Every structure is written in C-alpha cells, then in structure tokens.
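Try each task before you read its solution.

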Amino acid sequence: MATAGISDNVGWWSRIQPWLCLLPSALTLGLALVSSPRIPVGSWTQFYVDTLGWLSFVLGAALRWWSALYLASTPRTALMTSGPFSICRNPMQIGNLLLGFSLVLFVASATFALGFAIGAAACLSMILAAEEKRLTRSHGTEYRQYCHRVGRFLIRPTLFQSPETLFIDAAQLAGELRLTAIWMWLPVVGKTMAQMRVETWWPHLLHLP
C-alpha cells in the first residue's frame with residue numbers, strides 16, 4: 001500500500017473478497033489441529049522452528065509499525081514514497097505476510113503452511129491489483145514513475161529516503177493500535193495450538209504433515 005490513508009470506498013464484494021481468501025488458511029489450520037504433530041517436543045528442530053517463528057513475528061511487527069508511522073505522518077490522499085515506501089511499494093503487506101508466517105511456524109504444520117500460502121497469494125493478488133488500479137487513476141504519471149523506480153516486493157535499501165522529522169497524526173495511528181491489540185497475540189495463539197496438538201487427550205484424527 002503506497003498511500004497515506006485507507007483505500008477509497010468499494011463495494012461489498014471487494015470488501016468480502018479478502019475474507020474469502022482466508023478460507024484455505026482456516027480449513028488447513030483445522031486439519032492441522034486434528035493431526036498428530038511431526039516435530040518431536042523438545043527437539044532441536046522445534047527450537048529452530050520456534051526461533052524462526054519469533055524472528056518472523058518481530059520483523060513483521062517492526063515493518064508494520066515502521067510503515068504505519070510514515071502513513072500517519074502524511075495527508076491521507078498523498079502518495080507515500082518515503083521511509084519504508086521508498087525501498088519497497090508494499091512494506092505493510094510484507095509485514096502482514098511475516099506475521100502470518102510466524103503463526104504457521106508456531107503451529108509447525110506443513111498442511112497449514114500450504115493453506116496459508118494459497119490464501120496469501122490469492123489475497124495479495126486481489127488487494128494489490130485493486131490498489132494499483134486506484135493509485136494509477138488517482139496519481140497518474142507520478143505513480144507510474146514510482147512503480148518503475150521501486151519494486152513491488154523487492155526491498156532495495158539503497159533507495160531509502162526520508163524527511164528528517166515526522167509529525168504523527170495520532171488519529172490516523174489509532175487504527176494501527178487497535179490492530180496491534182489483535183495480532184500481538186499471534187505467538188500465544190500459535191504456541192497454544194502447538195501445545196494442544198501434543199497432548200494425549202487431544203483428538204488426533206488425521207496424520208497430515
């Protein structure tokens with residue numbers, strides 16, 4: 001997302017599409033929860049997977065908040081091209097992917113990982129297509145030049161540019177605070193699910209990876 005505010009008003013179908021993209025993740029998560037875990041408890045493999053999960057979570061959280069601070073410092077209709085948006089067109093979406101991937105790692109299920117990958121790819125393709133069309137319509141040549149200079153997902157630190165001072169609009173930042181109150185629980189949720197899968201009283205109906 002390369003604008004300082006929320007996308008223009010869209011129809012109900014455009015609003016519901018991203019939620020439909022969550023269905024593969026939800027379905028495969030359910031399958032994973034009733035499948036026997038493949039990674040031994042207390043093993044080095046579990047340690048490495050959990051470590052990667054925490055790294056993914058911290059990086060995703062940092063990227064989301066870095067992006068949110070710049071968005072909250074710019075007029076809502078302006079084209080955001082500084083800070084994290086100067087090195088990548090969609091830093092917020094990359095942060096979302098890292099946060100979601102951290103949950104996959106905490107649950108430690110290849111089945112869930114596949115569903116997450118399918119859902120994330122579908123969701124990103126729809127969201128970015130709509131956003132890029134809107135920005136092209138709103139900003140024209142300026143946005144096309146920005147797309148030519150900055151990659152959609154490829155991060156190029158050498159392009160970084162930023163004003164010396166940011167003046168944050170607290171009202172714009174409030175939405176990110178509310179979302180943070182939700183995604184901050186991802187490690188707790190993921191590790192709780194992983195623990196339930198290893199309990200003897202938990203139903204192990206399937207043997208999916």
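Two residues are in contact when they have heavy atoms within 4.5 Å of each other. Keep that cut-off at hand, and bear in mind that this is a predicted model.

**Exercise 1. The whole chain**

Task: Describe the secondary structure of the chain, its extent and its contacts between residues at least 6 apart in sequence.

Solution: 
- Start with the elements: the chain has eight helices and zero strands, and from the N terminus on they run α-α-α-α-α-α-α-α.
- Next, look at the extent: along its principal axes, the C-alpha trace spans about 60 × 35 × 30 Å.
- Then take the contacts between residues at least 6 apart in sequence: 85% of them join residues at least 24 apart.
- Finish with the surface: 39% of the 209 residues are buried, and carbon and sulfur atoms account for 70% of an accessible surface of about 11900 Å².

**Exercise 2. Helix 3 against helix 7**

Task: Work out how helix 3 and helix 7 are oriented to each other.

Solution: 
- Two packed helices are described by the angle between their axes and the distance between the axes.
- For this pair, the axes come within 9 Å and cross at roughly 165 degrees.
- Angles over 145 degrees count as roughly antiparallel, so helix 3 and helix 7 are roughly antiparallel to each other.
- The crossing is right-handed.
- Now find the residues that meet: the helix 3 side includes Phe57, Ala61 and Arg64, and the helix 7 side includes Gln172, Leu173 and Glu176.
- Sorted by class, this contact has 10 nonpolar, two polar and two charged residues.

**Exercise 3. A glutamate in helix 7**

Task: Is Glu176 buried or exposed?

Solution: 
- Locate Glu176 in helix 7, which covers residues 170–183.
- Compare its relative accessibility with the cut-off: buried means under 20%, and because Glu176 is at 6%, Glu176 counts as buried.
- List its partners, setting aside neighbours within four places in sequence: Glu176 is in contact with Arg64, Trp65, Ala68, Met92 and Trp183.

**Exercise 4. Helix 3 against helix 8**

Task: Repeat the analysis for helix 3 and helix 8.

Solution: 
- Helix 3 (residues 44–71) and helix 8 (residues 186–198) pack at about 160 degrees, with axes 11 Å apart.
- This pair is therefore roughly antiparallel too, and helix 3 passes helix 8 in a right-handed crossing.
- Gln46, Asp50, Trp54 and Phe57 of helix 3 make the contact with Leu186, Pro187 and Lys191 of helix 8.
- By class, these residues are four nonpolar, one polar and two charged.

Technical notes
Residues numbered from 1 in each chain as written. Predicted model: local features only at pLDDT ≥ 70, side-chain atom pairs only at ≥ 80, totals over all residues. Heavy atoms only, no water. Axes fitted to C-alpha atoms, helices over the stretch in contact; angles between N-to-C directions. Helix = DSSP H or I, 4+ residues; strand = E, 2+ residues; numbered from the N terminus. Parallel < 35°, antiparallel > 145°, perpendicular 65-115°, else oblique. Left-handed = near helix turned anticlockwise from the far one by under 90°. Nonpolar A, V, L, I, M, F, W, Y, C, P; charged D, E, K, R; others polar. Buried < 20%, exposed > 50% of the residue type's maximum accessible area, 1.4 Å probe, protein only. Areas by Shrake-Rupley, 256 points an atom, 1.4 Å probe, with all protein chains shown as cover.
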